[in-house]
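Hello! As promised, I am handing over the structure we talked about, and below it you will find my notes on what turned up.

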There are 2 protein chains.
Amino acid sequence: MMNSPLLLSHFIERAERYFPTKQVISRTLNGKKSLTYQQIGERTRRLASALAQFGIKKGDRVGTFAWNTHRHLEAYFAIPGIGAVLHTINLRLSQDHIAYVINHAEDRVLFVDADVWPLIAQLRDQLSSVEAFVLMSDGELPEVDWPNVFSYEEFIAKGDPSFEFVQSIDETSPAGICYTSATTGKPKGVVYSHRGIYLHSMALGLADTAGLSEKDVLMPVVPMFHVNAWGLPFAATWFGTTQVMPGPQFTPQVLAELIDEEKVTLAAGVPTIWLGLLRELETGVYQTEHLRAILCGGSAAPAAMIQTFEQKYNVPFLHAYGMTETSPLVTVSMVKSYQADLNEEETLELRAKQGLVVPGLEVKVVGPNGEVKPDGAEMGELLIRGPWIADHYYKAEEVSDAFADGWLHTGDVATIDEEGFIKLVDRTKDLIKSGGEWISSVDLENAIMAHEDVFEAAVVSVPDPKWQERPVACVVLKDPNKGSVAEADIRRFLEGKFPSWWLPDRVIFMDELPKTSVGKFLKRALREQVKEQMEANR
Amino acid sequence: MMNSPLLLSHFIERAERYFPTKQVISRTLNGKKSLTYQQIGERTRRLASALAQFGIKKGDRVGTFAWNTHRHLEAYFAIPGIGAVLHTINLRLSQDHIAYVINHAEDRVLFVDADVWPLIAQLRDQLSSVEAFVLMSDGELPEVDWPNVFSYEEFIAKGDPSFEFVQSIDETSPAGICYTSATTGKPKGVVYSHRGIYLHSMALGLADTAGLSEKDVLMPVVPMFHVNAWGLPFAATWFGTTQVMPGPQFTPQVLAELIDEEKVTLAAGVPTIWLGLLRELETGVYQTEHLRAILCGGSAAPAAMIQTFEQKYNVPFLHAYGMTETSPLVTVSMVKSYQADLNEEETLELRAKQGLVVPGLEVKVVGPNGEVKPDGAEMGELLIRGPWIADHYYKAEEVSDAFADGWLHTGDVATIDEEGFIKLVDRTKDLIKSGGEWISSVDLENAIMAHEDVFEAAVVSVPDPKWQERPVACVVLKDPNKGSVAEADIRRFLEGKFPSWWLPDRVIFMDELPKTSVGKFLKRALREQVKEQMEANR
């Protein structure tokens, strides 16, 4: 067979040739605009050419600090298209971490969205590697007297619209890098190869996973700075899928409007996004009938939310699982053909699991001593292996335990049932160890979120002299009912659903829950908050 | 990213773990039987182990001379599972060629179906490399006094059911070999790598190609000795798809019965198979409502046949194109989302084309001097490039022109329209050159086959003193009307559809048309036949 390397330039070339009139709809600060793949392709070639002219070479890192827009999509292909490395920087990192990842990656050029420019401007003196800044605006420039600050449109105007992407790239070469927003310590860089992204993109198009197709109108709400928006913009471009980029201001209202106006068929994001959208949809003014599925991952989606989407809005939930180290697609909650006659409750239970591992990857769960648990047995740490799974952190001096024995050790505690369905139980570090037994904070959270007055809930451990640790629930109520639910109501709601010793010792009502930069509950901060509050109340 | 090789053992391991109860239905000479993937997996491991015990090592060739059955499927995975090379031998080759390909491949073991055993038995003395014969029967053995003749069940009984497939295989290593049934000269071997088959299998599962899924019941009618039954058994096993193997006697009646009884959703084969099936379906006794599509390739399917399947039986036709050298999937006649509102005639015209190149491959058409024709321009030879396209023939002493400049030169003449749809016009050698202009034999054939009384038709060239070559049509009428259609009727039917100088000089009615071993018209033999007949009539 031909030694044809698996390169990302193939994706954009295919979109240009076969889907030149298909569109990318992009909502920037200056309103909504549409570009065809022909235009995107030409602009991508200009950008690649301009970067090459600037002196960017194979292996050089180029950073993006930007929302989901057409310009960010162009950078997705232009940077790897010359063999350079696309470093997508998480906008929600702390200032220290932003400076750290840019310096650690040694980004030579930085592409920055206009509204987040001030975050970069104040770090200017700390950024030792950056030689040029490109403001991703429609033309206006910030008032700074630095050299090499360009507007994006000015920068690409100098490029050649028929520039040929570099073909002499080894498929295992880095195409992208994304730092994990670790809750402790410095962020760690995960390097994505052309080969890894290519295979991952194929996996997204399989009928039994997300089934991403030319016929879809895809809206990636998951940020493009977060694991390449789950790799969706890469795959969608390859398949000629219409893409809707929600830009910087993706409020529930904006998302509902885009779903309605652009006839979105597939939307992707974390559970908190869909909780917000549900509230917006309750206004009843939006059409959602084109939505064939919501792809949901990042953290476990509560069964109650899945149920509302499926039953009230007739929108199936594609529950998925992955992490920065896994590109990220690992599982999709596909229901097998012979499970089609399960009853509603059983189906919902199945779909609330993270699902079956997608073709191409291998998984296992192991106990504390590394012993492999057979499918259908008890929980253990989830280990993953395959061609789009990371095997090191960028410039790490030693091999992390996370990659011991050729497997990625996820730090996620999971069960795998007899059908092979993975269910996340908890993070290893978020499990609550009470009296020598494990309590799953996630199971408790999902049960509490099924209460009709609860908007969201997180369960954390507090130290306990007798039991070592005990669970405490932090609950945000839906607005209209605020104050009408008491601690005892929540506890009563949980009774019978769990062993009595699982029930939270305390239920604390809060206005909001601290979240990580990608919308997951920030359990560490919450534990501190709870501890302080309980000490203050003592 | 992890350096995980793309190996075929991953496919069968996935089927065993996640789809142990899903079935492979196999119709052998002893009737229909069902095996689960758990059983198939165990038997495959036994077979792999028995081959290893026999001394088969990495890189050794093992031949199969067999129909589509569960045992052949086991060989598909057991042989590459120990790093050996699956050599599928075309049952319809001439005796000379059968002996040639076995000797050329140096097969060490030969797996042979019971009904074709006599073909091998009489070649015994010519097969210099074969050390053992395994008869793929239910137990009975032929009456020969050779050493090392085993029954399949006896052979695998000695194997270890929990044998571990060899993992230390480079993904570019050969997994299979298939000889092209050339119409002239010796057959040429095409070597398939693990990587090539793996990527090709992914391509078969994409929503925009065949969309092969766990939910399908697949019946590959295309023989497993012909380009790995289009790679379908590999992909179907990976995805946990139910497979229906029609065995040695796949008459139209058997196929219609299997489609009905097994609720087949996707059937795959060459146009002549579907012409036969259409006649059988006219009995009206079969249910076909589970059939979501017919995957058709090998030669161009007449638009009239596509229309009958789609309109009368509500079965969409997935028209595909490929060849032994391309694994084979190159195109599928997918209709783009924005083409959904074309009228019936336009849609049919589109679907009768070979379609869009699938993700992963590149195509172009070139003129006589190698100049690339832009999409939408005139016809030229089709060239293909990509990770599952052959780049040499096995043990070829010199690089064939077929692989010049890093592209496969298909010998097929095609147009690519402005939407990127490929339409095969002819084989370079079957084009008719009349008065310095080209006439497409395929276009004429399709037009004639649209006549309601015509069963099938082939058009060939005859030498002409004035015009160099002229077209002659060979026509087989549908039984009931035999004799009722005259030469002039056919010519009149074509008038207005083509320039007058395209119309065949003669229409010859025949009882049947000579075909290649894989059901394509044998134009070379037909040209001889026509020449003789015309000389006899002079």
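**A salt bridge in each chain**

R470(A) counts as buried, because its relative accessibility is 6%. Please keep in mind that this is a predicted model. The side chain of R470(A) meets that of D505(A) in a salt bridge, with 2.9 Å from N to O. This pair ties together distant parts of the chain: R470(A) belongs to strand β25 (residues 468–477) of chain A, whereas D505(A) sits in the loop between α15 (487–494) and β26 (506–509) of chain A, and the two are 35 residues apart. D505(A) is partly exposed, at 37% relative accessibility.

If you turn to chain B, you can look up R470(B) and D505(B), whose side chains also meet in a salt bridge (2.9 Å, N to O). Here R470(B) lies in strand β25 (residues 468–477) of chain B and D505(B) in the loop between α15 (487–494) and β26 (506–509) of chain B, 35 residues apart.

Over all chains, the count of salt bridges comes to 54. One of them joins E171(A) to R195(A), with the closest N and O atoms 3.0 Å apart. It links distant parts of the chain, 24 residues apart: E171(A) is in the loop between α6 (152–157) and β8 (174–180) of chain A, and R195(A) is in helix α7 (residues 194–205) of chain A. E171(A) is buried, at 10% relative accessibility, and R195(A) is buried too, with a relative accessible area of 7%.

Elsewhere in chain A, a network of salt bridges links R43(A), R71(A), E74(A) and E153(A).

**Where the two chains meet**

The size of an interface is often given as the accessible area lost when the parts come together. Between chain B and chain A, the buried area is about 4,800 Å², and carbon and sulfur atoms give 56% of it. On the side of chain B, M1(B), M2(B) and Y18(B) lose the most area to chain A, together 20% of what that side buries. The contact involves 64 residues from chain B and 65 residues from chain A.

Four salt bridges cross this interface, and 28 residue pairs are in polar contact between the two chains. Several elements of chain B give two or more residues to the side that touches chain A, including α1 (9–18), β9 (188–193), α7 (194–205) and β20 (408–416). Which gives the most? That is α7(B), with seven residues. By type, the residues on this side of chain B divide into 35 nonpolar, 14 polar and 15 charged.

Chain A has an open sheet of nine strands with mixed pairing, in the order β2-β1-β11-β10-β12-β13-β14-β15-β16. The edges are β2 (31–36) and β16 (356–357) of chain A; each has a single partner strand, so one side of each is left without a neighbour in the sheet. At the β16(A) end, strand β15 (residues 331–332) of chain A pairs with β16(A) in the antiparallel sense over two bridges. There, T331(A) stands opposite V357(A).

I416(A) has I422(A) as its bridge partner.

The buried residues of helix α10 (residues 252–261) of chain B are V254(B), L255(B), A256(B), L258(B) and I259(B). They pack against β1 (23–28), β2 (31–36), β10 (217–220), β11 (242–245) and α11 (271–281) of chain B. After α10(B) comes K263(B), with a positive phi near 55°.

The other place is T69(B), in the loop between β3 (61–65) and α3 (70–81) of chain B. T69(B) is buried, because its relative accessible area is 3%. Among the residues it touches are S26(B), D113(B) and M245(B). A polar atom of the T69(B) side chain lies 3.3 Å from the backbone nitrogen of R71(B).

Terms used
Residues are numbered from 1 along each chain as its sequence is written. Chains are lettered from A and ligands numbered from 1 in the order in which they are written. This is a predicted model: local features need pLDDT of at least 70, side-chain atom pairs count only at pLDDT 80 or more; totals for chains, interfaces and linings use all residues. Side-chain values use heavy atoms; hydrogens and water are left out. Helices (H or I, at least four residues) and strands (E, at least two) are DSSP runs, numbered from the N terminus. Buried means under 20% relative accessible area, exposed over 50%, partly exposed in between (1.4 Å probe, protein chains only). A polar contact is a pair of N or O atoms within 3.5 Å; within protein, one must be able to donate a hydrogen and the other to accept it, and residues adjacent in sequence count only if both atoms are side-chain atoms. Contact means heavy atoms within 4.5 Å. Buried area is the accessible area (1.4 Å probe) that two parts lose on being put together, summed over both. Ala, Val, Leu, Ile, Met, Phe, Trp, Tyr, Cys and Pro count as nonpolar, Asp, Glu, Lys and Arg as charged, and the others, Gly among them, as polar. Two strands pair if DSSP finds at least two bridges between them. Lists of a residue's contacts leave out its neighbours within four places in sequence.
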